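This briefing goes through a protein structure by topic. Please have the sequence and coordinates open while reading.

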Amino acid sequence: MRPLRCAPVTLLLWVALLVGSAASATPARVAYALIIANNTGLEPKQAPLRYADDDGARYYELLSSRTKETVLLSVLDADTQALHPGLAARTRPPTRAALREALGRLNAHMAEDKARGDTPVLYFVFTGHGKRGPAGEGTVSLLDGPFTRTDLYSQVIAPSSAALVHLIVDACDSYYFVNSRGALPVAPAQAQAVQGLLATRELARYPHVGAVLSTTREQESHEWSAIRSGVFSHQVLSALAGAADVNADGRVEYSELRAFVAAASQGVEDVRGRLEVSIQPPALDHSAPLVDLGDRARLGFLLLPAGLEGRLWVEDSRGIRVAELHKERERSVVLGLPPGYGYFLRGTGREAPFRFTRAGAVVDGGGLSWRDNSFAARGAVEDAFQDRLFSVPFGPHFYTGYMASLGQTPVAPEQQPDLSP
């Protein structure tokens, strides 16, 4: 591994400012996370999922490094417990009672934060089974019954003390768990009577809430055994690690996440693996970051400098793929990862080991020592994921074109550090 001074100067200056602010500043933004991960469904035709609990554990590890408190409601299977020793002791079953208790405690903490003048932020994450009911209302599965869109708004969103809420849902029919679409499922004479009630179940009433949803229609979510993860959750987790930070400001905004997922999925030709997602920023602030790498010092930073290109992923010593991207050559990227594990930066046929010696440590990926490696894909759908997922490079070129195609305002261009006295 070459000394860090050999990395590009501007990138090093940016990371020095990032790490310095994380270590010294007292953040006004105080984050909390409530993660529900449930492999089991409530319908006989819903086969148990294999990796919803793995995704919950990955969200827990990523967000607990960046939050004041992270709660995981899940029943981890034996394989997941083996990969995450000690985590099962910090979880509770995903039941309505456990959810209600966790929300009450987090809301009390966030109210105290507001009283001090801080800005509390809540991540509400669900991975598991979902479905759209006969009346059009979406539900997700808890261990002891369905949790409906009505429940989401009445128990999570409306009473929340958070100044900003990020909803992340990876489940079948997830769009309908947050949004309604089409005509009211009632007769015209009844519509006026229920219109007021239904209006309380729409994001438009809550401009401080943003939503990241795995489907925009009645569509299944897909798992991939090679990475022990749901495909959408893997993309979101990669983006939040920093892979989607297209303008190198240390923040991942909703538009960056949306473009990153579009690039990651664009090459997948198998319709079973093609995602149609819904990613909607808070109406109050379209530039609100989902993550800011400078918020916390409990991360290690991997620099992927300009000149390094192609499909790359990071695996830890447990074999968990924690981040993946297809990097444009001209783009520099910083990934924020939990310290404490050995890591491998991998590309097709090669790998380079590295390790963070402490929180806040920085590793220059451009100076790592590569060695040959080989791996095998498994199964027809997995061949499609292996060959085509992350096959399109993501960076300023893709992002600018993607935002132009949507007619939306992109993030601010990359800024060089201001070194004036």
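What volume does the largest cavity have? The largest cavity has a volume of about 130 Å³. The model is predicted, and a search of the whole structure finds one cavity of 30 Å³ or more.

**Cavity lining**
- Thirteen residues line the largest cavity, and those closest to its centre are Arg58, Glu61, Leu62, Val322 and Pro338.
- Helix 2 and helix 8 (231-243) are the elements that give two or more residues to this lining.
- Helix 2 supplies the largest share, three residues.
- By class, the lining of the largest cavity holds nine nonpolar and four charged residues, with no polar ones.

**Helix 2**
- Helix 2 covers residues 52-64 and reaches 18 Å from its first C-alpha to its last, close to the 18 Å expected at 1.5 Å a residue.
- Twelve of the 13 residues of helix 2 are buried, so that the helix is mostly covered.
- Among the buried residues of helix 2 are the charged-class positions Asp53, Asp54, Asp55, Arg58 and Glu61.

**Helix 11**
- In helix 11 (residues 396-406), the buried residues are Phe398, Tyr399, Tyr402 and Met403.
- Seen down the axis of helix 11, these buried residues fall within an arc of 120 degrees, so they line one face of the helix.
- The buried residues of helix 11 pack against helix 9 (254-266).
- His397, Thr400, Ala404 and Ser405 are exposed on the other side of helix 11.

Methods
Residues numbered from 1 in each chain as written. Predicted model: local features only at pLDDT ≥ 70, side-chain atom pairs only at ≥ 80, totals over all residues. Heavy atoms only, no water. Buried < 20%, exposed > 50% of the residue type's maximum accessible area, 1.4 Å probe, protein only. Helix = DSSP H or I, 4+ residues; strand = E, 2+ residues; numbered from the N terminus. Arc of directions from axis to C-beta. Contact = heavy atoms within 4.5 Å. Expected span 1.5 Å × (residues − 1). 1 Å grid on protein atoms, 1.4 Å probe; cavity = no way out; pocket = protein on both sides within 12 Å on 5 of 7 lines; lining within 4 Å. Points joined across faces, edges and corners; volume = space filled by probe spheres on them.
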